[in-house]
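Student: I would like to understand the terms used for this structure. Can we take them one at a time?

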Amino acid sequence: MNSSHTALEVASPWIRRFTPAIPRNGLVLDLACGSGRHSQLLVEAGYSVLAVDQNIEAISQFKHPHLAVECLDLEGGIWPLLGKQFVGIVVTNYLYRPYLAELPRMLSDGGVLLYETFAQGNGEFGKPSNPDFLLKTGELLSFSAQNGLKVLAYEHLYIDDPKPAMIQRLCAVKGDLQGRIPLQFRG
């Protein structure tokens with residue numbers, strides 16, 4: 001990815017839609033960032049971003065003064081981001097339940113969690129099909145309620161672009177929703 005046009009094209013529509021909900025006064029985490037499509041979108045939208053993954057080869061090609069990249073084992077015995085705080089956390093196409101509850105703890109008050117990954121039923125369309133990597137019906141809603149997050153938007157649906165899949169999407173805030181609701185209606 002070497003242009004903002006490309007980042008906009010390949011970024012998830014869900015992440016593009018709710019990026020403006022993230023406060024601008026801190027660091028955003030792109031967890032399990034992969035190629036860095038969302039990191040690039042975020043930095044080009046004016047955010048400071050920490051992109052982490054166990055393989056950072058692709059994201060390391062993208063240089064930007066507001067992007068930090070770290071190679072981390074996100075599934076090891078110790079959570080490598082313990083004690084860190086973020087105004088936003090973006091997670092796409094990744095699910096590792098043992099550390100899922102760490103995400104709300106890392107959000108500062110007013111911080112936003114944007115989460116989008118595969119859900120039960122995805123096996124009909126291909127990988128992933130292992131239930132360990134598929135969200136159960138309503139799982140992100142339950143997760144939000146258990147961790148005191150306020151849901152701005154949620155979907156559990158079939159998509160066909162970029163490929164057929166069952167997914168769940170969440171945009172949730174830690175703290176008060178005052179002044180946030182109109183963001184639901186942005187396209």
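Tutor: We start with a definition. A nonpolar core is a set of buried Ala, Val, Leu, Ile, Met, Phe, Trp, Tyr and Cys residues joined through side-chain atoms within 4.5 Å. Buried means under 20% relative accessible area, exposed over 50%, and partly exposed in between (1.4 Å probe, protein chains only). The largest such core here has 29 residues, and L81 and L103 have the most contacts inside it. Another core, of 25 residues, lies apart from it and includes W14, F18, V43 and V90.

This is a predicted model: local features need pLDDT of at least 70, side-chain atom pairs count only at pLDDT 80 or more, and totals for chains, interfaces and linings use all residues. Residues are numbered from 1 along each chain as its sequence is written, and side-chain values use heavy atoms, without hydrogens or water.

Student: Why is W14 called buried?

Tutor: Its relative accessibility is 3%. The limit is under 20%, so W14 counts as buried. F18, at 1%, counts as buried too.

Student: What makes the pair of W14 and F18 tilted?

Tutor: Rings of Phe, Tyr and Trp (its six-membered ring) pair if their centres lie within 6.5 Å; planes under 30 degrees apart are stacked, over 60 edge-to-face, and the rest tilted. Here the centres are 4.7 Å apart and the planes at 55°, so the pair is tilted.

Student: Why is F125 called partly exposed?

Tutor: F125 has 36% relative accessibility, so it counts as partly exposed. Y158, at 40%, also counts as partly exposed.
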